[in-house]
Amino acid sequence: MAWFRAASSAARLAMRRNIARAPHYPARIHHLPPPPPPSRGFHSSAVRSKSTSAAPVPRAVPLSRLSDSFLDGTSSVYLEELQRAWEADPSSVDESWDNFFRNFVGQASTSPGISGQTIQESMRLLLLVRAYQVNGHMKAKLDPLGLEKREIPEDLDLSVYGFTEADLDREFFLGVWRMAGFLSENRPVQTLREILNRLEQAYCGTVGYEYMHIPDREKCNWLRDKIEAVNPRSYNRERREVILDRLSWSTEFENFLATKWAAAKRFGLEGGETLIPGMKEMFDRAADMGVESIVIGMSHRGRLNVLANVVRKPLSQIFSEFSGGTKPVDGETGLYTGTGDVKYHLGTSYDRPTRGGKRIHLSLVANPSHLEAVDPVVVGKTRAKQFYSNDNDRIKNVGVLIHGDGSFAGQGVVYETLHLSALPNYTTGGTIHIVVNNQVAFTTDPRAGRSSQYCTDVAKALNAPIFHVNGDDIEAVVHVCELAAEWRQTFHSDVVVDLVCYRRFGHNEIDEPSFTQPKMYKVIRDHPSARKIYENKLLESGDISRERIQEIHNKIHSILNKEFENSKDYRPQRRDWLSAYWTGFKSPEQISRIRNTGVKPEILKRVGQAITTLPENFKPHRAVKKIFEQRAQMIETGEGIDWALAEALAFATLIVEGNHVRLSGQDVERGTFSHRHSVLHDQETGEEYCPLDHILMNQNEELFTVSNSSLSEFAVLGFEMGYSMENPNSLILWEAQFGDFSNGAQVLFDQFMSSGEAKWLRQTGLVVLLPHGYDGQGPEHSSARLERFLQMSDDNPYVIPEMEPTLRKQIQECNWQVVNVTTPANYFHVLRRQIHREFRKPLVVMAPKNLLRHKDCKSHLSEFDDMEGHPGFDTQGTRFKRLIKDRNDHKEVEEGINRLVLCSGKVYYELDEERKKTERNDVAICRVEQLCPFPYDLIQRELKRYPNAEIVWCQEEPMNMGAYNYITPRLCTAMRALGRGSFEDIKYVGRAPSAATATGFLSVHQQEQAGLVRKAMQPEPIKCPY
């Protein structure tokens, strides 16, 4: 195929030059009108007049291209000379030319019917075949409305190749090549008319194929065999009735909803009903080829139809949601409903029987109105399913994404997700993409919505085949959907089906589309449905009778009406978490006991030795070798455990307990700040070694996964979000390169992570590590925007919840946790706490930067264990400390303390240093390690300890950022409950309000930082903020 690609550019010039000299090829007057704008849609592009078309002027060919290779022959004279040289001595020409002449001259001499065929004509025929393979889709009849006005490429015109009508019944031999389709060795001699008919049938019908951009001979040949088959696709009578039945269900479901709830928004599928039978046939074929589970992601158009007819969500439940939604039954537990969401955002799962007698598990992931936001979530969930089912070949679990045409072309997360498809730690072995192409976005025509010819062109960057199909031809839709399933299972890579259809009622049912697309909707009003078109086709062919059609209609109507009656008495069933792995986990209304997170000392020692020992023959960088020697010393002595080693110990102990740990993000293997070194590189061989992969005997290589990601926040965080939703017995972490980069994934934080449980009843224990801290690196590398995460927290600032340990549900009832941890041991415990409890909540960690190597930010190994009497052990055992009291170990009541400084994060160490320097022994400093949910009980404990103290909140961030606006009302509530004052009694120390997170001048930063630390320790009372 390589020569075939090159020949299309080089040999076409030679062919045109030779044709121009031929007497049967009339000269054309060459006009140069302004080029028309590129076609970017079906009904909105301009037509180029064929009368203005002219043969291009041949360009001079560089001498460097006039070699003796078949790929570079660009002169007809040169071609004739090569033929004479070959006839005299075949070994005198390049091997590629030898093969060429053997094919054509040799065959011509033995086939009397084609003795007039010249080498030039053979070359033209090859180029004609290739032109159809490359551009035949531009002539395909894709628009069901017949509004397309696309320019037909010049290279599909016979006259361009020097052929006339007189040549149509001449026989031609195409040659014997290592290719499939028309160029395979089993093709007989054919007339030009037969060749053209088959090319038109294969490439210019109701399916347009784009695959010649794929640089892989095997893949292209596989597709050519499927596309250029001698016998066109056909289905027997029984199969056609199944297809009609499925199409009827799709159509009648929408009609039923339109009748019962005429004024309701449902984002129906009218105009694209063939999606449903297409998906069903795709899933049936996938099941036959070994698929056991499919994860589906889609936006709202057609979602209810997919839920009802593909995933089999109970119709009575869907109808109940239209009538006001389901509510919990009074007095019952396990029926937490959260805030809920509109019906066309919800998901479900079901084990569905297939036409081939198998069963396949389908799960439709809940999705917000952010159309493509669910894409990476689906891919991540699919990858997790593959891990937990030992699907190492990635054939049993598949992701299917259904897109809109506007969003597929316009949303950046589409490319970000496609870009993950071949990355080793993110690949799922291929995703099937279906674009429901309405030929218009909300009100935007394609010419204003994209710059490319097709909305699917972005997929070419991944060398994915693209099948464009007319949505009114149900059998063509079924064919390409099955072909997509076969491609995915054969080549384990992405594939795209572009279902070209229309929207009968506009963006939603109460929208008026004629305001902006009057011509289109005038045609749509009179256009028959896909079901009506197919019924007429089957009636004409005699494959079905009118009576049988009516029977199908009556059956569907009867079931829909029965389910509608049942919906009036529908009651929700006990909530599930979509997976058996979640059985037994508690909802926010159920009390979960608090567990210790300490680990036996002998286990800590054993895993500590495993993660600090390198193979004898491994040669790491000398600096890295020193780091690991220091870590080994830390484990041996138990002293000076730093941040990176504490994290590694948390991962290792969870792995020993049988949990899966996965950490991904930009540069996480080494760590942005060169602290983690979880993957080491041999300085001589380049070989990689990951100590955490060698904790257990015969450890699964994916049990611990650490992976540098692509330079994407949105898609990679979404991937890990989906991954974390599959199984609760896993610690899944995403780390931003710097905390402020996380805003590149803001949609995930807003629509999924902070609100997914409330809207969709889906828990996740995802951990997000956001490096945060003011150390003079400027406005883009200082703040992780802590205030945004706290502002999205749903705990009531004016109500103190139940804080008694045996009754406390504070974290369960909150939407997520936000922490700013200051010791390696506390970091160890907060990570382990994610797993050692009976529910899951997202955890946002303001991760440190300079604390990674701070001389005082160390922990003793005894703070990690579960031994009574050790430093980390308190009255409830060893666990994460939501608040760390003053280091001076004050008594229960200290009346001599004049100021209580509450802070969070690395500013504590600067405050403590200043306190030592100024000898302010009358100042207590407490660290609020868990900001959300607010530790009312521990804050009140400290308020009682220091009855005479001035209350100060100190932070590095400007007043309008950081935790100040979150902390103040909650601290005020805690104080009022104790009679300690009100809002005015909370003093502020920190930077002044600012538009930018930090100054870009190092000297100004140092001045500001020193000023706020001094102010927190000043002898006189603090007046700020008043």
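The model is predicted: local features need pLDDT of at least 70, side-chain atom pairs count only at pLDDT 80 or more, and totals for chains, interfaces and linings use all residues. Residues are numbered from 1 along each chain as its sequence is written, and side-chain values use heavy atoms, with hydrogens and water left out.

I then listed the buried residues of α19, namely Leu604, Val607, Gly608, Ile611 and Thr612. Viewed down the helix axis, they fall within an arc of 125° (taken from the directions from the axis to the C-beta atoms), so they line one face of α19.

I looked up Glu252 next and found it in helix α7 (residues 237-260); helices are DSSP runs of H or I with at least four residues, strands runs of E with at least two, numbered from the N terminus. Glu252 is buried, at a relative accessible area of 7%. Its side chain makes a polar contact (N or O atoms within 3.5 Å, one able to donate a hydrogen and the other to accept it; residues adjacent in sequence count only if both atoms are side-chain atoms) with the side chain of Arg531 at 2.6 Å.

My last entry concerns Asp886, in the loop between β21 (883-884) and β22 (899-903). Asp886 is buried, with a relative accessible area of 3%. I noted a polar contact of 2.6 Å between the side chains of Asp886 and Arg915.

Notes
Buried < 20%, exposed > 50% of the residue type's maximum accessible area, 1.4 Å probe, protein only.
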